[in-house]
Amino acid sequence: MTATRTHHCPECEADREFYRAASMEVHIGTKVKWHCRECDYEFIRIDGDVDTATA
Ligand SMILES: [Zn+2]
């Protein structure tokens, strides 16, 4: 399991490394809050059973 992922940040207007700021189990999977390392931008993503984030 990874605690970081690369994602496009609309604040930085570039691909940034995001880290897992928080996660919570919900009925449809795991709700994860990702936080940009370069600014304060955050987004919420829900991961299902299969973790495809690792690349
Ligand atoms: Zn950013």
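How many bridges join S3 to S4, and do these strands run parallel or antiparallel? I looked this pair up and found six bridges between S3 and S4, which run antiparallel. I noted that the model is predicted.

**Sheet order.** Next I wrote down the whole sheet. It is an open sheet of four strands in the order S1-S2-S3-S4, with antiparallel pairing. The edge strands are S1, residues 4–9, and S4, residues 42–47, and each pairs on one side only. From one strand to the next, the twist averages 40°. As background, I noted that strands of a sheet pair through backbone hydrogen bonds, either parallel or antiparallel.

**S1 and S2.** I then took the pairs in turn. Strand S2 covers residues 14–26, and six bridges join S1 to S2 in an antiparallel run. Thr-4 stands opposite Tyr-19 in S2.

**Arg-5.** I stayed in strand S1 for Arg-5. Is Arg-5 buried, exposed or partly exposed? I found 16 other C-beta atoms within 10 Å, so Arg-5 is partly exposed. I also checked Arg-5 against Arg-16: the two are eleven residues apart in sequence, and their C-alpha atoms are 8.3 Å apart in space.

**S2 and S3.** Strand S3 spans residues 29–36, and eight bridges join S2 to S3, again antiparallel. Val-26 stands opposite Gly-29 in S3. I recorded S2 and S3 as a hairpin with two residues between them.

**S3 and S4.** Last, I went back to the pair I began with. Trp-34 stands opposite Phe-43 in S4. S3 and S4 also form a hairpin, with five residues between them.

Methods:
Residues numbered from 1 in each chain as written. Predicted model: local features only at pLDDT ≥ 70, side-chain atom pairs only at ≥ 80, totals over all residues. Pairing = 2+ DSSP bridges. Axes fitted to C-alpha atoms, helices over the stretch in contact; angles between N-to-C directions. Buried ≥ 20, exposed ≤ 12 C-beta atoms within 10 Å, placed from the backbone.
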